[in-house]
Amino acid sequence: MATIFAHDLVPIAVRAGVGPGHISNRLLVVAALATVIPDLDVAAFFYGIPYGDAFGHRGFTHSIAFAAMAGLTTSLFATLLNSSRVISFWLVFVSMVSHPFLDAFTNGGYGVAFFWPLSDTRYFMPWQPIMVSPIGIRGFFEARSLQVLLSEFFWIVLPLLTVTVATRFATSRKKAIPYQLTFICKRL
Ligand SMILES: [Zn+2]
């Protein structure tokens, strides 16, 4: 796993990029929860389910299908979340699927079962620069937690910040161009 902080940054970055007018506070909270739900599967360790099992850690809760189901379920409650069904689906789907995507870049544990239920095979990215975060609060406060946070800063926070600023810039330019055209036409 990456840390809970890193996972939560994804919907926050999306909202910062597209602007708060498109994503309500309620939907943002649900999307932030969606980024950490996949790791509830650590409960499997307490029930003796092996790590490599489809129902073990990084198993079915880390699949694309699970994220799609979460997105679909959320879209049914779009009105309560002050949002549209399409936005609710996509934000929760992208937020949740970003979790196994980031996990696949970590350098520890087993890979993630992206394609469950079609396949139980675990996958890693060909390159794993993110230091894996220890499981559990006690583990997190061990000496190497600073190294974990530093690696997440370089490989998650900085890339997200770059994409957010670029998206913000692109969307503000998009709005600015029609306004500028109107202004020029009025002067002609
Ligand atoms: Zn995970």
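Reader: What pattern does the protein chain follow, read along the sequence?

Author: This is a predicted model. Along the sequence, the pattern of the protein chain is α-α-α-α-α-α-α. That comes to seven helices and zero strands.

Reader: What share of the residues counts as buried?

Author: Of 188 residues in the protein chain, 33% count as buried. On contacts, take those between residues at least 6 apart in sequence: 65% of them join residues at least 24 apart.

Reader: Why is helix 2 called roughly parallel to helix 5?

Author: Start with the geometry. The axes of helix 2 (residues 25-36) and helix 5 (residues 85-103) cross at roughly 25° and come within 7 Å. Angles under 35 degrees count as roughly parallel. Therefore helix 2 is roughly parallel to helix 5. The crossing is right-handed.

Reader: Which residues make that contact?

Author: Helix 2 brings L27, V30, A31, A34 and T35. Helix 5 brings S88, L91, V92, S95, M96, S98 and H99. By class, the contact has seven nonpolar, five polar and no charged residues.

Reader: What makes helix 4 roughly antiparallel to helix 5?

Author: Their axes cross at roughly 150° and come within 8 Å. The cut-off for roughly antiparallel is over 145 degrees. So helix 4 is roughly antiparallel to helix 5. Helix 4, too, passes helix 5 in a right-handed crossing.

Reader: Which residues of helix 4 and helix 5 meet?

Author: From helix 4 come I64, A67, A68, A70, G71, L72, T74 and S75. From helix 5 come R85, S88, F89, W90, V92, F93, M96 and V97. They divide into 11 nonpolar, four polar and one charged.

Reader: At what angle do helix 1 and helix 5 cross?

Author: The axes of helix 1 (residues 4-18) and helix 5 cross at roughly 145° and come within 9 Å. This crossing is right-handed. A6, H7, V10, P11 and V14 of helix 1 meet L91, V94, S95, S98, H99 and L102 of helix 5. The contact divides into seven nonpolar, four polar and no charged residues.

Reader: Which residues touch the most other members of the largest nonpolar core?

Author: V92 and M96 do, in a core of 26 residues. Helix 1, helix 2, helix 4 (64-75), helix 5 and helix 7 (145-187) each give two or more residues. Helix 5 gives the most, with seven.

Reader: What is V92 in contact with, leaving aside its neighbours within four places in sequence?

Author: V92 is in contact with V30, A31, A34, A70, G71 and T74. Among these, V30, A31 and A34 belong to the helix 2 contact, while A70, G71 and T74 belong to the helix 4 contact. There is also a second, separate core of five residues, including V112, A113, F114 and W116.

Reader: How do you know that R58 is buried?

Author: Count its neighbours. R58 has 28 other C-beta atoms within 10 Å. Buried takes 20 or more. So R58 is buried. Its place is the loop between helix 3 (43-46) and helix 4.

Reader: Why does N82 count as exposed?

Author: N82 has 12 C-beta neighbours inside 10 Å. Exposed takes 12 or fewer. Therefore N82 counts as exposed. N82 sits in the loop between helix 4 and helix 5. Its phi is near 55°, again positive in a residue other than glycine. Most residues other than glycine have a negative phi.

Reader: What makes V18 partly exposed?

Author: V18 has 16 C-beta neighbours inside 10 Å. Partly exposed lies between the 12 or fewer of exposed and the 20 or more of buried. So V18 counts as partly exposed. V18 lies in helix 1. Leaving aside neighbours within four places in sequence, V18 is in contact with I23, T167 and T171. V18 and V165 are 147 residues apart in sequence, yet 9.9 Å apart in space, C-alpha to C-alpha.

Reader: Which peptide bond is cis?

Author: The bond from W116 to P117 is cis, with omega near 5°. P117 is in the loop between helix 5 and helix 6 (137-140). Most peptide bonds are trans.

Notes. Residues numbered from 1 in each chain as written. Predicted model: local features only at pLDDT ≥ 70, side-chain atom pairs only at ≥ 80, totals over all residues. Axes fitted to C-alpha atoms, helices over the stretch in contact; angles between N-to-C directions. Helix = DSSP H or I, 4+ residues; strand = E, 2+ residues; numbered from the N terminus. Parallel < 35°, antiparallel > 145°, perpendicular 65-115°, else oblique. Left-handed = near helix turned anticlockwise from the far one by under 90°. Contact = placed C-beta atoms within 7 Å. Nonpolar A, V, L, I, M, F, W, Y, C, P; charged D, E, K, R; others polar. Core = buried A, V, L, I, M, F, W, Y, C linked by C-beta atoms within 7 Å.
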